[in-house]
Amino acid sequence: MAIAITLRRLRNSPMTAHVVNRSVAETTLARQFAEQERRERSPARAAAFARFAAAGLPTRRVETWHYTDLRAWMADAAPFLPAPTRADVEVARSRLARRERFAAGPQLVLLGGRFIAELSDPLPIGVSIAEGVAAHAADDPLAALNEALSPCGYTISVMREANIAEPITLLHLGDDASSCSIYSRTAIDFDVEARASFVEIFEGAHAGVQRHSATILTLAEGAGAKHVAVVGDEPGLHIETQICELANGAELTAFGLISGGDLTRRQIFVRMLGEEAKASLSGLALIDGARRADTTLQVVHAAPAGTSREFYRTIVDDDAIGVFQGKIIVEKAAQKTDGAMKSQAILLSPRAQMNAKPELEIFADDVVCGHGATVASLDPEHVFYLQSRGIPDDDARGMLLEAFGGEAIDRVEDKLLVDALRARLTAWLGTRKAKT
Amino acid sequence: MMARTRAEKRRMLEIKNLSVSIEDKLILDNLSLSVNAGEVAAIMGPNGSGKSTLAYVLAGKPAYKVISGEVLLDGESLLELEPNKRALEGLFLAFQYPVEIPGVAAMTFLKAALNAQRRPRGESDLTTPDFMRRVREAAQALKIDQEMLRRPLNVGFSGGEKKRFEVLQMALLEPRVSVLDETDSGLDIDALRVVAEGVNALRSPKRSFVVITHYQRLLDHIKPDVVHVMARGRIVASGGPELALELERNGYRDYAEEAA
């Protein structure tokens, strides 16, 4: 792994105001917000929308969006998906009855971003759900847009010292009817020493869907949280913001799988606010066709003796474009920080692209931090070794890709979830093989 | 006299006038070599004589350019075949440097390799208990720890473990022609003995071995029927086991000059 350390001054205003003329999409978003305000005024949302409007849809000039020019990409903003009707709920019910669950454990169902109690399982003792999410000013225009335009949102609380064995699934069901925007916002609060796993699955969206999802994970002292996100459907746009805050001794393991969607952006903002907090962030993006998948991370070590590990892998086929941007910021107070970030990609076609930009900004003087990025084809020596034992070329490549992706999945460290994620990887590789 | 007895036997591997280059550099220069069924042929030669290239070209490694010549395995032409098809024909290469493949469990790999050989023969995949039994038996003979098999392929294996794992694969795949490329390199004397015993256990009138080595040492444990000396990309001398001893005494200098 290449080790590099860069020292840089923090910019005063990372959000670059550049909007001269509003784009069509920006105009639509402003109208949508105004209509929402007429129905229901909210100063918090107005403040969030003002933050979005000041920046506008990000372009390449915004550093954290450098490889994904959303303003150019988003021709227009699709109309809001209305609150589900009784008929919508019944359609969803029959869909759920036919659907195989991703993981065991209780499942909460969100339809068009709204929690539907009658389609959901009861929560285990120690976990509760309530309407509303506290305001959260993440420094990103799309995070602000999500806050401004989401329906009420929900807060899931895990009680002090609760230890929830089975993962809790949040199933985000899309809409296959029309072009629409789906906004959702979920907070998950882990009280002191609480431990639980959550799986967010995005399903059922087609190319007309623009999805804006945000999840805010707050870990109190000594809490242990596992979070797995699975984007496996085919939305035109998937923008997912994760905001994580860790208090003293808290431990977060977060993983994201991307295996569908035209443009998928997962942006993860982690703040290590307490001492000796640990974060393990990992992900796997499987992209083919003309898809784009962008994973952008920012991990801020704000307190001493924190550990963070970032491990992301991408398999890029056809004309697809992968992006990984990761920045670890070690503030002056965060002595004894231990950070290591790695992005690795395999390109399967001469036209496939990967843009990887890992960065460190270190203001403390007693830290161990490193980062590395590799972009390569499958190693011909590996393929030859397997082939020399009688394994056909295609199968050999499949085994190597399964191994490459599997190593990222293994970071989830939960057999049940690892098996379910590996099944997704195998299925993706299977469709790829069927295609050729 | 020796030539006559050999001619009566079936030729298992026959290399005729093989010339091979890599990046426009000629490595094998009109090389010819025959190995009979049941025979252990040692190929000795100085560094850079083309021994490993010969091994790789037989196994079908890409990047080598065959300029002329042919290779027959029991009469079937090999050079047009993909590496996996050559393995199915019964060719096995024990690598000098087996590659480490993270993320592929050794057992998963063994099962894929065994089933890959069964499927074209119309045989069903091995059942897990049957597969486990075969691996356990072969592993025991080679003093391979079960724990080692649970690791990813060759990852973190010592030099000796890697070589033993190569021989384990050979034992499971039951090839007709095994090419051992410097299998002795990096082995201490105990590991060498285990590996040699593993190879000797597979010797049979139906199987042939091409044992490539730089040193006589391995041949104390795997007794060759014939010894070929390779220099500058061709076989420059052939003889009985005594030839290896002579090389040990005098080095390769004579042959290197002869080939020039």
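This is a predicted model: local features need pLDDT of at least 70, side-chain atom pairs count only at pLDDT 80 or more; totals for chains, interfaces and linings use all residues.

Me: Which strand pairs with strand 11 of chain B in the parallel sense?

Reply: Strand 3 of chain B, residues 40-44, with 4 bridges between the two. If you want a spot to look at, B:Ala41 stands opposite B:Val226.

Me: What about the antiparallel pairing?

Reply: That one is with strand 12 of chain B, residues 234-239, over 5 bridges. B:Val227 stands opposite B:Gly239 in strand 12 of chain B, and B:Val229 stands opposite B:Ala237.

Me: How many residues sit between strand 11 and strand 12 of chain B?

Reply: There are 2 residues between them, and the two strands form a hairpin. Check B:Arg232 in the turn: its phi is positive, about 45 degrees.

Me: OK, zoom out. What's the strand order in that sheet of chain B?

Reply: It's an open sheet of 6 strands in chain B, ordered 6-9-10-3-11-12, with mixed pairing. Strand 6 (91-94) and strand 12 of chain B are at the edges; each has a single partner strand, so one side of each has no neighbour in the sheet. From one strand to the next, the twist averages 20 degrees.

Me: Which helix lies across strand 3, strand 6, strand 9, strand 10 and strand 11 of chain B?

Reply: Helix 2 of chain B, residues 51-59. It runs at about 140 degrees to strand 6 of chain B.

Me: Where's the core, then? Which residues touch the most other members of the largest one?

Reply: B:Val179 and B:Val210 do, in a nonpolar core of 210 residues.

Me: Staying in chain B, at what angle do helix 4 and helix 7 of chain B pack?

Reply: At about 30 degrees, with their axes 10 Å apart; helix 4 of chain B covers residues 106-118 and helix 7 of chain B covers 159-173. Angles under 35 degrees count as roughly parallel, and therefore helix 4 and helix 7 of chain B are roughly parallel to each other. The crossing is right-handed.

Me: Which residues meet there?

Reply: From helix 4 of chain B you have B:Leu110, B:Ala113, B:Leu114 and B:Gln117. They meet B:Gln169, B:Leu172 and B:Leu173 in helix 7 of chain B.

Me: Switching to the interface. How many residues of chain A are in contact with chain B?

Reply: 18 residues of chain A are in contact with 20 residues of chain B. On the chain A side, helix 6 and helix 7 are the elements that give two or more residues. Helix 7 of chain A gives the most, with 7 residues.

Me: How do those two pack against each other, what's the angle?

Reply: About 125 degrees, with the axes of helix 6 (residues 380-387) and helix 7 (residues 393-409) of chain A 9 Å apart. That makes helix 6 of chain A oblique to helix 7 of chain A, and their crossing is right-handed. On the helix 6 side of chain A, A:His382, A:Val383, A:Leu386 and A:Gln387 do the meeting. Their counterparts in helix 7 of chain A are A:Asp393, A:Ala396, A:Arg397, A:Met399 and A:Leu400.

Me: Last topic: which strands are at the edges of the 9-strand sheet in chain A?

Reply: The edge strands are strand 3 (127-131) and strand 18 (353-362) of chain A, each pairing on one side only. The sheet is open, has mixed pairing and runs 3-4-6-8-10-12-14-16-18. Strand 16 (residues 321-330) and strand 18 of chain A pair in the parallel sense over 10 bridges, and A:Ile321 has A:Gln353 as its bridge partner.

Me: And A:Ser128, what's around it?

Reply: A:Ser128 lies in strand 3 of chain A. Leaving aside neighbours within four places in sequence, A:Ser128 is in contact with A:Leu123 and A:Ser157. A:Ser128 is partly exposed, with 13 other C-beta atoms within 10 Å.

Technical notes. Residues are numbered from 1 along each chain as its sequence is written. Chains are lettered from A and ligands numbered from 1 in the order in which they are written. A nonpolar core is a set of buried Ala, Val, Leu, Ile, Met, Phe, Trp, Tyr and Cys residues joined through C-beta atoms within 7 Å. A residue is buried if 20 or more other C-beta atoms lie within 10 Å of its own, exposed if 12 or fewer, and partly exposed in between; C-beta atoms are placed from the backbone. Two strands pair if DSSP finds at least two bridges between them. Axes are lines fitted to C-alpha atoms, for helices over the stretch in contact, and angles run from 0 to 180 degrees between N-to-C directions. Angles under 35 degrees count as roughly parallel, over 145 as roughly antiparallel, 65 to 115 as roughly perpendicular and the rest as oblique. A crossing is left-handed if the near helix is turned anticlockwise from the far one by less than a right angle, and right-handed if clockwise. Two residues are in contact if their C-beta atoms, placed from the backbone, lie within 7 Å.
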